[in-house]
Amino acid sequence: MTLIQRIRTWTMRLPTSWGLGQADIHSSLLLTLGLLSGLVLLLSYSRADFAELRTLAFSLPAVWVVSLTVRIAAQQLSIGVYSLDMTTSVGPTGNLSTDYEYLPSNRILGYAAAGQLATAGMILLGMVVNAAMIPAEGSELRFSQLLDVTSGWSSRAWASQIMWVNVFIGVLNLLPTVPFDARAAVFAFYSKRNRNTQEPHVFRRIAAFDSHLAAVLLGAGLTAVLLGFVFGKEIVGWYVAVAAAVYLFVASCWETSRAEEIEEQYAPLAPRMARTDFAHSEVPSLNLGTFADDDGSRGDDPVTNYIEEASQSADEILNGGYQPDSIDPQVDVDEILRKLHREGSSALSMAEQQALLSASRELKQRRSGRT
């Protein structure tokens, strides 16, 4: 593994005494805050009238971390005991993990709403404190004063930074794609509409939604550019729409590739049909990341679901329970499947790949023994 790969995948487990469940700090958060602090510090030395920004270089990362902590804590409280099984990877805008996909649909919606409500509460807190501090400095309150980002160590400075940091986090999390929390709401919506639907189908629906939204945003951005050219005045924000459109388009491709990876990884062990015919075949796409039911139950073991679905069209796979005898008892097949679901097949070690292959071979042997 190269140095860049190590930096990109580095995480640090937070103490469970903090009440954040299984939470890790991802390297992207540390890199982002370090870069932000460095840029503000350089800016403060670029001009004499920017010297007051030096305190901002140290206070802004602290406010950012506190804001993320409040957001993650609210989400952990909203899912209750499920937080013990869900791994949270804290990135620059919140949780980077998609482990919420294993939660019941109503819990996923609560998870998404709790994060945004916590962020909205922090914005309101910052606005109220900021507004309360302004009259002491002048005779009247102006809206422009409320929107100022103030540096220093005063209460007003902290309040203004809390407000703007959470505005930024909240707006970004409105994007319905990874790693933002609005994707959790979209995921819950599509999975709740069809309780028996399977993950690849949901991923494809999200991909379609993201691509359509990308087209709308791109059209809005280009229209703003055209209008600005016609009227000779730039329309602020067109570049934001275009950037969001590009990101959503890339994200839709990622969702599609994820669906294809799951379909390929868990296709029946019988001779596979041509990939071009896969989507129209009678072989069901396999649901190894089984959705939890609304009553909180997780359903069958993912391996059992795989066997039961595959056996409908492939006689070689055993239809029934799964209790491997030849696999190391310390090997958690379910956890391997979760890792595969989260990180892809390239993240599996040779031992983990061998465990899955051994399980498949044993199931075929049992099927042959019964027939």
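The following exercises, with worked solutions, concern a predicted model of a single chain.

**Exercise 1.** State how many helices and strands the chain has, and what share of its residues count as buried.

*Solution.* Begin with the secondary structure, which comes to 13 helices and 4 strands. Finally, among contacts with a separation of 6 or more, 61% join residues 24 or more positions apart.

**Exercise 2.** Check whether the span of helix 7 agrees with its number of residues, and list which of its residues are buried.

*Solution.* Helix 7 covers residues 182–193, that is 12 residues, and at 1.5 Å a residue it should span 16 Å. The end C-alpha atoms of helix 7 lie 17 Å apart, which agrees with that expectation. Taking under 20% relative accessible area as the cut-off for burial, the buried residues of helix 7 are A182, R183, A184, V186, F187, A188, Y190 and S191.

**Exercise 3.** Describe how helix 3 packs against helix 4, and what kinds of residues make the contact.

*Solution.* Two packed helices are described by the angle and the distance between their axes. For helix 3 (residues 56–79) and helix 4 (residues 105–133), the angle is about 150 degrees and the axes are 8 Å apart, while the crossing is right-handed. Helix 3 contributes S67, V70, R71, A74, Q75, S78 and I79 to the contact, and helix 4 contributes R107, G110, Y111, A114, G115, Q116, A118, T119 and M122. By kind, the residues of this contact divide into 7 nonpolar, 7 polar and 2 charged.

How values were computed. Residues are numbered from 1 along each chain as its sequence is written. This is a predicted model: local features need pLDDT of at least 70, side-chain atom pairs count only at pLDDT 80 or more; totals for chains, interfaces and linings use all residues. Side-chain values use heavy atoms; hydrogens and water are left out. Helices (H or I, at least four residues) and strands (E, at least two) are DSSP runs, numbered from the N terminus. Buried means under 20% relative accessible area, exposed over 50%, partly exposed in between (1.4 Å probe, protein chains only). Contact means heavy atoms within 4.5 Å. The expected span of a helix is 1.5 Å times one less than its number of residues. Axes are lines fitted to C-alpha atoms, for helices over the stretch in contact, and angles run from 0 to 180 degrees between N-to-C directions. A crossing is left-handed if the near helix is turned anticlockwise from the far one by less than a right angle, and right-handed if clockwise. Ala, Val, Leu, Ile, Met, Phe, Trp, Tyr, Cys and Pro count as nonpolar, Asp, Glu, Lys and Arg as charged, and the others, Gly among them, as polar.
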